[in-house]
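Student: Please take a close look at the salt bridges here. Which charged side chains pair up, and where do the partners sit?

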Amino acid sequence: MSKPTLPLSARPVGAISGRRQWLTRMAVVAVTALPAWPLRAQAVEAPDALIQRVANDVFETVKRDPAIRNGDMARIVELVDTKLMPHVNFERMTSSAVGRFWRQATPEQRQRLQAEFKTLLVRTYAGALTQIRDQTLVIRPLRAAAGATEVVVRSEIRGKGDPIQLDYRLEQTPSGWKVYDLNVLGVWLVETYRTQFAQEIGAKGIDGLIDALAERNRANAQRG
């Protein structure tokens, strides 16, 4: 550990070469510290900025990739896994859709529910990805209280035709903001599926819901 620096008035004569050397050292310390400050600021990305950045990335990827526009599911799944899933709390999304029954599910059932639910959502929205041409995502001004840990980011997809409402619910986590629900044209995804899932579980239990999701995914794969 370096020795503490004495004030100028307390230094022995000749110990250092005077005030200019001290100022030079302080300038060097200040300059060396500068790169750390913007890095820390950049690490905290606002939720609306996150949505805009990810949307721009996804839209540009689709526009450059003819396989995605032609409905190649392998490429679409890859896009979702690399560009979207890192910014989604998918466990919370699935548990919210399953509702109170989530607490009754075993760890294996939870994993299967997440896997089948993800496949269902990817295939449900794959068609929208294939239609991206000149569209852009426009973020509306964020309305959130200072220090809020959950926010709604409202946006519109604009291009030819009427704008499409697309809103996101996000939560703040140690690794940044994560999406846990979507609103398409005024309908929140989690609430919609919660009703369907509750009916299925009430009739056939959690395994019955898993089987129903798997069957729907198989049918969608055959049609696609």
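Tutor: In this predicted model, Asp 57 forms a salt bridge with Lys 83, and their closest N and O atoms are 3.2 Å apart. The pair links distant parts of the chain: Asp 57 belongs to helix 3 (residues 47-64) and Lys 83 to helix 5 (residues 73-84), 26 residues apart. Asp 57 is partly exposed, with a relative accessible area of 32%, and Lys 83 is partly exposed as well, at 25%.

Helix 3 also holds a pair of its own, Glu 60 and Lys 63, which are three residues apart, about one turn of the helix. The closest N and O atoms of the salt bridge between Glu 60 and Lys 63 are 3.9 Å apart; the pair counts as a salt bridge because the cut-off is 4 Å. Glu 60 is partly exposed at 39% relative accessibility, and Lys 63 is partly exposed at 27%.

Asp 81 forms a salt bridge with Lys 118, with 2.3 Å between the closest N and O atoms. Asp 81 has a relative accessible area of 33% and is partly exposed; Lys 118, at 22%, is partly exposed. The structure holds 14 salt bridges, among them Asp 57 with Lys 83, Glu 60 with Lys 63 and Asp 81 with Lys 118.

Definitions and conventions:
Residues are numbered from 1 along each chain as its sequence is written. This is a predicted model: local features need pLDDT of at least 70, side-chain atom pairs count only at pLDDT 80 or more; totals for chains, interfaces and linings use all residues. Side-chain values use heavy atoms; hydrogens and water are left out. Helices (H or I, at least four residues) and strands (E, at least two) are DSSP runs, numbered from the N terminus. Buried means under 20% relative accessible area, exposed over 50%, partly exposed in between (1.4 Å probe, protein chains only).
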